[in-house]
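Please open the model in your viewer and keep a selection tool at hand. The tour below goes through salt bridges, one stop at a time.

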Amino acid sequence: MSSPGRIETSHAWQALKKHQQQLSKSRISDLFAGDPDRFDNFSLQAPELLLDYSKHLINAETIELLVELANQAGVKAAITAMFAGHLINNTEQRPALHMALRSPLNQSPEEQAAHNTLAKIGAFVESIQSGEWTGYSGKPITDVINIGIGGSDLGPFMVYEALTPFHSSKIRCHFVSSADPSHLQQTLKGLNPENSLFVIASKTFTTLETLQNAQAAKQWLRPSLSYDKDLAKHFVAVSSSIEKATAFGINENNVFPIWDWVGGRYSLWSAIGLPIALGTSMQYFLDLLDGAHKMDEHFQNSSLESNMPVLMALLNIWYLNFFGVESQVILPYIQNLHLFPTFLQQLDMESLGKSVTKDGDPLKVKSGGLVWGSAGTNCQHSFHQLLHQGTHMVPADFIASASSTVDIAGSEEQHNHLLANCFAQSQALMQGKSLQDVEADLSGLGYSEAEITALAPHKVISGNKPSSTIMMKALTPSALGALIAVYEHKVYAQSVILGINAFDQWGVELGKALSKELFQAISSDEICDKFDASTNGLIKYTKKIL
């Protein structure tokens, strides 16, 4: 096995370079024509999901070489190490054990801690949804406002939106993350302090944006309260710092734990997911965990060639490093998944946005690409033009459900139109439209030769653009859990092959540190000349306006 960070020197990597030169001359549509069983040969089922990866520029040899690459990178051993609790986050000397949060077992210390917390969450959700827990005036809670940022916001917010058909009729959830005060102000507009509960989600209880919004929420509540102790009826926290949370005014019994072995972008399965359970039900939250656990088992136990996250990781590496692509587009043809591309941006780009190996050596291959996207069919009328006729190759992940959770007149027909659009887009990306076909169409419509010559080049679509399609029966909590987990494990597998640490984010920390000094400069009456000319100029302009 090659040493970490040197996968580009491996036999499989070198073989893939030669293989790409040959295969790049092929067309995906021709690969289908030569293999009537191509869908069966290049599709895979795992718990809750079907992955169709037949519309990729690959053949059996490609997969064989990619799997050999994963073998040479030690992916199987790395999966075992993660589940065993090894310190795979080497820069922070921590394990990554988010899988324990959704494990039905209760054996390891992490699993025991997770089960104890689930019991606490369940009791709390029951007290809120039954009306037993009341605000300071004795009225039941109707609105929960989650205050967090990053993984403490993106995960629970995305899941809550995705599970709209499963929302509780008693509780509405709202999510505030931005340091812009208008975010909190607009969220609270129309809410009643008597019926509002704030969840302050911060592992250390020191996150600047979260604490600023928490303090503003406290000020919003205070005029309505008779005593400061009534604040505790309207605040709970998810944090590892009980001391800081109680100093804020939160009852110690209402601080839900989170641990160092849970990274922020992997934390929605923990008490960070409290708004999910409050806004749906405890059972739906448990179903979400169960779907993810089933994907954990698939990732841990499947051979590499039939391992859905590993194959997804290998396809990303194939295009990033051998075709020179820069980005990947995520296209959920399920409106309730409209926040899923944003969630994946953090999961993928924060994890894979690295330029050194785990050993600290310069990375000599491409790590992760840009991740972006939007929900279909809206995106067809915005950026799909670039996908079809632009000069970029942008591999796409289409995500769809075979059935809809909506049950109203005409919904089945409408859902079938949605699926037809989804399948048509991936088909069009693959096959395109040749100049000859365009000319024949225009001729059939009665265009003159001169008109055809002028117009035809503009209607040519090159095709040969790769895509995967991930299907589920319906977007249920369990299916959503599996979908999120498959991308989590895809990111880890990709990081192992590249030899990088997927669980730290030092670039994010730099921005936090710099902002503290800049805040002092903006707030000071003194002339600022201690930074670069651009920063100094922006601060001076701001002070002039203020």
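Select Lys354 and Asp504: their side chains meet in a salt bridge, 2.8 Å from N to O (a side-chain nitrogen of Lys or Arg within 4 Å of a carboxyl oxygen of Asp or Glu). This pair links distant parts of the chain, 150 residues apart. Lys354 sits in the loop between helix H14 (340-352) and strand E9 (370-373), and Asp504 in the loop between helix H19 (477-498) and helix H20 (506-523). Helices (H or I, at least four residues) and strands (E, at least two) are DSSP runs, numbered from the N terminus. Both Lys354 and Asp504 are buried; buried means under 20% relative accessible area, exposed over 50%, and partly exposed in between, with a 1.4 Å probe and protein chains only.

The model is predicted: local features need pLDDT of at least 70, side-chain atom pairs count only at pLDDT 80 or more, and totals for chains, interfaces and linings use all residues. Residues are numbered from 1 along each chain as its sequence is written, and side-chain values use heavy atoms, with hydrogens and water left out.

Next, select Lys229 and Asp230, whose side chains form a salt bridge at 3.8 Å, N to O.

Move on to Lys433 and Asp441, a salt bridge at 2.4 Å, N to O. Asp441 is partly exposed, with a relative accessible area of 38%, and Lys433 is partly exposed at 32%. Then select Arg102, Asp296 and Glu488, which salt bridges with shared partners join into one network.

To finish, display every salt bridge: the structure holds 16.
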